[in-house]
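Hi there,

Here is the structure I promised to pass on. Have a look at it first, and my notes on what turned up are just below.

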Amino acid sequence: MIKFILNNTPISTDKHSGTILLDFIRYHKALTGTKIGCREGDCGACTIMVGDLRNGQLHYESMTSCLTPLGNAQGKHIVTIEGFNGDGLTPVQQAMVDEGGTQCGFCTVGFVVSLQGFCLSSKPQTYENAIAAIDGNICRCTGYKSIERAAQRIVDHLGNYKGQDKMNWLVEQGYLPAYFKTIQQQLETLKAELPQPITPQNGALTPVGGGTDLYVQRPAEMRKTAINHFLDQNELKGISRKGDNIHIGAACTAEDLRSSTIMQEHIPNLHAFMKLVSSTPIRNMGTVAGNFVNASPIGDLTIFFLGLNASIVLSGVGTKRTIALKDFYKGYKQLDKQQGEFLEEIIIQVPQQPIGFNFEKVCKRTHLDIATVNSALQIKLSGDTIIEAHASAGGVGPTPKYLQNTCNFLKGKPLTEATIQQANEVIQDEISPISDARGTKEYKRLLLRQLFYAHFLTLFPDRIQLAQLV
Ligand SMILES: Cc1cc2nc3c(=O)[nH]c(=O)nc-3n(C[C@H](O)[C@H](O)[C@H](O)COP(=O)(O)OP(=O)(O)OC[C@H]3O[C@@H](n4cnc5c(N)ncnc54)[C@H](O)[C@@H]3O)c2cc1C
Ligand code: FES
Ligand code: FES
């Protein structure tokens, strides 16, 4: 039985846990405010807010309901546009009206839900964060300028908040209906009655993290598949430091990585790197393990962690082994993973100083697009000598590529433009891109050269000169 709160209504359903939440909302609960657009996580028309208790605090995130399995709603507060209805328009809706932010209206629900989520979030309530909150929403007819002005209006209004109880304030100001004040208590009661989740060690079931790969590729099959829902399994969550290592639960999402103070401390540009990965709702859903196991040659998190020379812990029934992430990939979509094994955690060494880490990605549009080519580089120096290097690249072969020969070449070399140019020659020998819809093989070779140079120009602006590289 799956139990959650849908707007202000407790739900208890024996529907298959792989049922798509969007279909449950629209077809079983007749809440047709949530729209069906692409069904692939791209357009944001189906955006919902998902409230959950984390360390005793109620926390809301946006998600795309078209890719969310019903089982991932267990113990949560699911809010559709109807759930924000009060006595009149909310300030968010009013801002959209006042600025002419809607035309045909098909996308409007998604924009409003995302902006409502921004109002509920604990992030600084800046214009930049308001715009970031709608980076997963696409409008095909109004154009974005009026929606951006609406976002500015909302930010201006939120400026009246002076640090009192946020939920009370949002209710008083008409952003939220009063029932929101009861949700924390309702979720605490609900969580206490829920059965323990199935342990991860159940090889008979298909692991599902956020579903953002599986529900794009096999939506019909997933409605019938016996699923082990990993997204909220405590054993697979959390980011902690143990000695010289950082341990990352395999079910951590891209947003969990971005918001981790431990990760931020050691990877100062983490926020900017994670912004390059999909959109806010997809980052709230997609897990690190899902990215690794999907084995896409351009998986951003995979390339990111290959550049950090990560290890992974694989568990099966009564077995546990640790291997280097670079050894996980055996061929196109072929993994060193036994039937029933699942990914439990990712381990990286705490980066030591002086060190540099950089991640680069080129795609056809800045946001919400998969990479044509992506790359990461971690480099350690002693004086002017490179004593350790880990370089990775995606989109240049059948698997996410750890550039082993390039790393070997760099070790012991002086940090100069000549070394970097020679290393690029090694790269060109160890990659095998093919021409496809995202570009010709020659273009991808050129892109990787540019990204490789960009790592050094970004990390060592005082030592490496662009003019000496070209
Ligand atoms: C609109 C959109 C944009 C996207 N943009 C990007 C992007 O910019 N960059 C990018 O890299 N990706 C992108 N993706 C792809 C996807 O979001 C990521 O790959 C994500 O990390 C997948 O994680 P998940 O938890 O949702 O995977 P799921 O779909 O839940 O699972 C994927 C695979 O992993 C397996 N699995 C999950 N957890 C485990 C585990 N612990 N152990 C063993 N197997 C497991 C599943 O069985 C399945 O085979 C995008 C997807 C969408 C829909
Ligand atoms: S329907 Fe387009 S993102 Fe869900
Ligand atoms: S108002 Fe028509 S798609 Fe946005």
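Lys 333 sits in the loop between β12 (329–331) and β13 (334–335); helices (H or I, at least four residues) and strands (E, at least two) are DSSP runs, numbered from the N terminus. The phi of Lys 333 is near 60°, a positive value in a residue other than glycine. Most residues other than glycine have a negative phi. Lys 333 counts as partly exposed because it has 13 C-beta neighbours inside 10 Å. On that scale, a residue is buried if 20 or more other C-beta atoms lie within 10 Å of its own, exposed if 12 or fewer, and partly exposed in between, with C-beta atoms placed from the backbone.

Arg 39 also has a phi near 60°, a positive value in a residue other than glycine. The loop that holds Arg 39 runs between α1 (21–28) and β3. With 18 C-beta neighbours inside 10 Å, Arg 39 counts as partly exposed.

A word on the model itself: it is predicted, so local features need pLDDT of at least 70 and side-chain atom pairs count only at pLDDT 80 or more, while totals for chains, interfaces and linings use all residues. Residues are numbered from 1 along each chain as its sequence is written, and chains are lettered from A and ligands numbered from 1 in the order in which they are written.

Now to the sheets. One open sheet has 5 strands in the order β8-β9-β14-β10-β11, with antiparallel pairing; two strands pair if DSSP finds at least two bridges between them. At its edges stand β8 (239–242) and β11 (319–324), each with a single partner strand, so one side of each has no neighbour in the sheet. Neighbouring strands of this sheet are turned by 25° against each other on average, direction ignored. Here and below, axes are lines fitted to C-alpha atoms, for helices over the stretch in contact, and angles run from 0 to 180 degrees between N-to-C directions.

Strand β14 (residues 342–349) is mostly covered, with 6 of its 8 residues buried. Strand β9 (residues 245–249) pairs with β14 in the antiparallel sense over 5 bridges. If you want to trace that pairing, His 247 has Ile 347 in β14 as its bridge partner, and Asn 245 has Gln 349. Strand β10 (residues 311–316) also runs antiparallel to β14, joined by 5 bridges, and here Ile 312 stands opposite Ile 346.

The other open sheet to look at has 5 strands in the order β2-β1-β5-β3-β4, and its pairing is mixed. Its edges are β2 (9–13) and β4 (57–64), each with a single partner strand, so one side of each is left without a neighbour in the sheet. The twist averages 30° from one strand to the next. Within this sheet, strand β3 (residues 47–54) and strand β5 (residues 77–79) run antiparallel and are joined by 3 bridges, with Val 50 opposite Ile 78. Helix α3 (residues 108–120) packs on the sheet, where it touches β3 and β4, and its direction makes about 25° with that of β3. Contact means that the C-beta atoms of two residues, placed from the backbone, lie within 7 Å. Helix α7 (residues 180–193) lies across β1 (2–6), β3, β4 and β5, at about 70° to β3.

Helix α2 is worth a look too. The axes of α2 (residues 91–98) and α5 (residues 145–158) come within 8 Å and cross at roughly 140°, which makes α2 oblique to α5. (Angles under 35 degrees count as roughly parallel, over 145 as roughly antiparallel, 65 to 115 as roughly perpendicular and the rest as oblique.) Residues Pro 91, Val 92, Ala 95, Met 96 and Asp 98 in α2 meet Ala 150, Arg 153, Ile 154 and His 157 in α5. Helix α2 also packs with α3 at an angle of about 130°, their axes 9 Å apart, and that makes α2 oblique to α3. There, Val 92, Gln 93 and Met 96 in α2 meet Thr 108, Val 112, Leu 115, Gln 116 and Cys 119 in α3.

Finally, buried residues in α18 (residues 441–459) include Leu 447, Leu 448, Leu 451 and Phe 452.

Best wishes

Notes. The expected span of a helix is 1.5 Å times one less than its number of residues.
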